[in-house]
Each structure stands twice: as C-alpha cells, then as structure tokens.
Amino acid sequence: MEPQDRRDPLDGSSTPAASAPPRRRRGPRALADLCAAPLAAALQQAGFASAEVVTRWDEIIGPDLAGRSAPVRIAWPRRSAPGEAPEPGTLHVRVEPAFALDIQHLAPVIVERVNAFFGWRCVAALRLVQVPSLKPRPARVAPPPPPDPARLGAALAGIDDEPLRQAIGRLGAAIGGAGRRS
C-alpha cells in the first residue's frame, strides 16, 4: 500500500506522506527524554562516548568509592591512521584530597571495572584530580542549655515515689534543656 498524498488546506498543494515532518508528541514527557541530547553532547565534549560512565559511576566502581570520587573526562590519544582501532584513553577522576592515596592504590581495580563495564579496553590509565569535597558539611548543633533547676523541681513535684523521683531528676539533669526549644 502506497502512502497517500496530503493536501495543504491553504494552497491546495499536495505533499507525499513520507516527506511530512514527524509529529511532536503532546503532553508530559520524561525529563530524561528532554535532557538526553544536550547531556550527550556535553559528555561527548568531555571525551565520554556514553553517558553511562557518569550516570552509573556508583554501579561501576561501587558505592563506597563513588561517594568520594566522580569521573571528569576521558582523554583519548590521537589516532595515527584513520582505520586503526582506538587506543585506550586516560580516565580523569575527581577525588577528595584525603581519599586520593586510596584511589591511587585502587587505580588498577577501577580501570579493570570500567573496562569490564564497557566490554572492551577503553581505559588504560587513571589520572586523579584532587578537589575539595563538594558535599555540604553538616551544620554544628549548639550544645543544649544547662538544666533549669526550678523547672525540673516543678516537674518532679507531682511524683510521690522517692526512687522514681530521684531517677527522673537525674535523667532531667543529664539531658538538661534538650527538650526545651527557644
């Protein structure tokens, strides 16, 4: 069955159905679908043939190592002839300075895991880029204020059992004003 011609309602000209522009999908779309092309272009400029190195870094090298490092780019050597197979590149990894020595000792394991993930020898070496941690440090919590003896005494006044009152008094003195918010 051949595609039918479509007539333009304004000028009456016909165009074959095969040359019609693709229809745009209406309605909500997944954010991953919208970001895939720009993300792929940005990662390709950094030397990544696939976005999976960045998006699945924790699966490739494990959550413990991935928490302290992240891939930055892959530097590929220049090809000597157009038909030759590509030589493996150097994977640049951002790492916290305090963890750089551990990553350096684990470099052969990381290279092996990346190559095993892709199924070919795409990385031959690892280069570390030390940068301070970008994770926000937890805010320091102010120490609780000292216990308020008048408030503690008023709270204990309704307890008739002496050992219980003493135990609750010690507990109240130990936790101080932690339950009180200003």
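Buried means under 20% relative accessible area, exposed means over 50%, and partly exposed is what falls in between, using a 1.4 Å probe and protein chains only. Keep that in hand for the first stop: select Asp64, which counts as exposed at 52% relative accessibility.

Before going on, some ground rules. This is a predicted model, where local features need pLDDT of at least 70 and side-chain atom pairs count only at pLDDT 80 or more, while totals for chains, interfaces and linings use all residues. Residues are numbered from 1 along each chain as its sequence is written, and side-chain values use heavy atoms, with hydrogens and water left out.

**The whole chain**

Zoom out and colour by secondary structure. The protein chain has eight helices and five strands; these are DSSP runs numbered from the N terminus, with helices being H or I of at least four residues and strands E of at least two. Going along the sequence, the pattern reads β-β-α-α-α-α-β-β-α-α-β-α-α. Of the 182 residues, 20% count as buried. A contact here is heavy atoms within 4.5 Å. Among contacts with a separation of 6 or more, 56% come from residues 24 or more positions apart.

**Back to Asp64, and on to Arg68**

Show side chains for Asp64 and Arg68. They meet in a salt bridge, 3.1 Å from N to O; the rule is a side-chain nitrogen of Lys or Arg within 4 Å of a carboxyl oxygen of Asp or Glu. Arg68 is partly exposed, at 33% relative accessibility.

Which face does Arg68 lie over? The face of Phe99, at 4.7 Å from the ring centre. To count as sitting over a ring, NZ of Lys or CZ of Arg must be within 6 Å of the ring centre and within 35 degrees of the ring normal.

**Ser69 and the sheet**

Select Ser69 next, which belongs to strand β3. Is Ser69 buried or exposed? Ser69 is buried, with a relative accessible area of 6%. Leaving out neighbours within four places in sequence, Ser69 contacts Trp57, Ile61, Val93, Arg94, Val95 and Ile103. One of these, Val95, is the bridge partner of Ser69 in β4.

Widen the view to the strands around Ser69. You'll find an open sheet of three strands in the order β3-β4-β5, with mixed pairing. Two strands pair if DSSP finds at least two bridges between them. At the edges are β3 (69-75) and β5 (123-130), each pairing on one side only. From one strand to the next, the twist averages 30 degrees. Strands of a sheet pair through backbone hydrogen bonds, either parallel or antiparallel. Here β3 and β4 (residues 89-95) run antiparallel, joined by six bridges.

**Helix α6 over the sheet**

Highlight residues 107-118, helix α6. This helix lies across β4 and β5, running at about 120 degrees to β5. For angles like this one, axes are lines fitted to C-alpha atoms (for helices, over the stretch in contact), and values run from 0 to 180 degrees between N-to-C directions.

Within α6, pick Asn115. Asn115 is buried, with a relative accessible area of 13%. Not counting residues up to four places away in sequence, Asn115 touches Trp120, Arg121, Cys122 and Val123.

Then show Phe117 and Phe118. Rings of Phe, Tyr and Trp (its six-membered ring) pair if their centres lie within 6.5 Å; planes under 30 degrees apart count as stacked, over 60 as edge-to-face and the rest as tilted. By this rule the count is one aromatic pair. The ring centres of Phe117 and Phe118 are 5.2 Å apart and the planes sit at 85 degrees, so this pair is edge-to-face. Phe117 is partly exposed at 27% relative accessible area, and Phe118 is partly exposed at 24%.

**The other salt bridges**

How many salt bridges does a search of the whole structure find? Three. Arg56 is partly exposed at 30% relative accessible area, whereas Glu59 is exposed at 53%.

For the last stop, go to helix α8 (residues 162-175), where Arg165 and Glu162 are three residues apart and so separated by about one helical turn. They form a salt bridge, with the closest N and O atoms 2.2 Å apart. Arg165 counts as partly exposed at 25% relative accessibility, and Glu162 is partly exposed with a relative accessible area of 36%.
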